[in-house]
Amino acid sequence: MESLRDKVFLITGGSSGLGRAAAEVLLERGAKVAIAARRAAPLEAVARELGGEVLALPMDVTVKASVAAGMERIVDRFGRLDGIATFAGLTFAYRIEDLPEERLRHIVDVNLIGTVLCCQAAIPHLRKSGGHIVTISSASARHREEFPHMAIYGAVKAAVEKFTLELRDEVKRDGISVTCMSPGSFVTEITGNFDPDHTEQAYEVWIRDHGPDSDGMQEPRYFGEALAHCLSYPRGLAVDFMEVRPNVPTPKR
Ligand SMILES: NC(=O)c1ccc[n+]([C@@H]2O[C@H](COP(=O)([O-])OP(=O)(O)OC[C@H]3O[C@@H](n4cnc5c(N)ncnc54)[C@H](OP(=O)(O)O)[C@@H]3O)[C@@H](O)[C@H]2O)c1
């Protein structure tokens, strides 16, 4: 396996949850890391907490010009780019008929369009370094027992997986490795914007249809370790798909 020391990575969604944990692990391995998110203040606070060779990069992954400007800042600061991991993402829990149009579009925009825009902007830089793209799916894309009422999120993450397969074929001759990683449930801020009433409805359905226990939740750090593992394979060898899910039976209430 290759060392990550002095390699340069962009972690979108790096101010929180899985992205933040991933950045922490990569920094510990000696990498230089740009963490990107929309809100500058929490991003800068996290960068200070992480320390090391970290760049706080205010960026909206749904805005092409913002992504392009962020990419240029990384190369200005660190001189190269060796990999990206597209953690920026969000979901809401609503029955399909209740999902507000604005939230429907937001789920598609951040999780799918944002992933594509980041990959597009990174490819020219990764072609030079023989770098690595890691996209982020979700266990909700294929496991029926995951938290319900996230149909559009699951569908969009399935689209991210298909996009990633196509991307792998397109860029392999450029020496770029491509991996899709799929988290199960990890303790993060992702449920922070959930509507309490609609979430309660989802809980009732979850318990009714899939029993009183879930597979539990795990610490984001473990997912960061898994990402570092994927990024450590030598050029010419890549994990296509890795799903990391907790498996500790845990009461849902
Ligand atoms: N946690 C889980 O159990 C779980 C399970 C399966 C999959 N996932 C996936 O893992 C990824 C990370 O989720 P998480 O749980 O770590 O969520 P989180 O704690 O809510 O973090 C989300 C991050 O994305 C950023 N973000 C949101 N919209 C953005 C935008 N338009 N442009 C740039 N950054 C944006 C947020 O910062 P700002 O709000 O400041 O932009 C934040 O840094 C997501 O793709 C999620 O779908 C998570």
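This is a predicted model: local features need pLDDT of at least 70, side-chain atom pairs count only at pLDDT 80 or more; totals for chains, interfaces and linings use all residues.
Hi everyone. H3 covers residues 64-78, and its axis comes within 9 Å of the axis of H4, with a crossing angle of roughly 35°.

Who meets whom there? On the H3 side we have Lys64, Val67, Ala68, Met71 and Val75, and on the H4 side they meet Leu117, Cys118, Ala121, Ala122 and His125. Sorted by class, that contact has 8 nonpolar residues, 1 polar and 1 charged.

In the largest nonpolar core, which has 67 residues, Ala122 is among the five that touch the most other members, together with Ile11, Ala22, Val33 and Ile35. And which element gives this core its largest share? That is helix H4, residues 101-129, with 9 residues. As general background, nonpolar side chains in soluble globular proteins tend to be buried together.

Let's stop at Ala22 for a moment. Leaving out residues up to four places away in sequence, Ala22 touches Ile11, Ala85, Phe87, Phe223, Gly224 and Leu227.

Last stop, helix H5. This helix runs over residues 151-171, so to speak a 21-residue stretch, and reaches 30 Å from first C-alpha to last, close to the 30 Å expected at 1.5 Å a residue. Its buried residues are Ile152, Tyr153, Gly154, Val156, Lys157, Val160, Thr164 and Leu167. What covers them? The cover includes our friend H4, along with strand E5 (132-136) and strand E6 (177-183).

How values were computed
Residues are numbered from 1 along each chain as its sequence is written. A nonpolar core is a set of buried Ala, Val, Leu, Ile, Met, Phe, Trp, Tyr and Cys residues joined through C-beta atoms within 7 Å. A residue is buried if 20 or more other C-beta atoms lie within 10 Å of its own, exposed if 12 or fewer, and partly exposed in between; C-beta atoms are placed from the backbone. Helices (H or I, at least four residues) and strands (E, at least two) are DSSP runs, numbered from the N terminus. Two residues are in contact if their C-beta atoms, placed from the backbone, lie within 7 Å. The expected span of a helix is 1.5 Å times one less than its number of residues. Axes are lines fitted to C-alpha atoms, for helices over the stretch in contact, and angles run from 0 to 180 degrees between N-to-C directions. Ala, Val, Leu, Ile, Met, Phe, Trp, Tyr, Cys and Pro count as nonpolar, Asp, Glu, Lys and Arg as charged, and the others, Gly among them, as polar.
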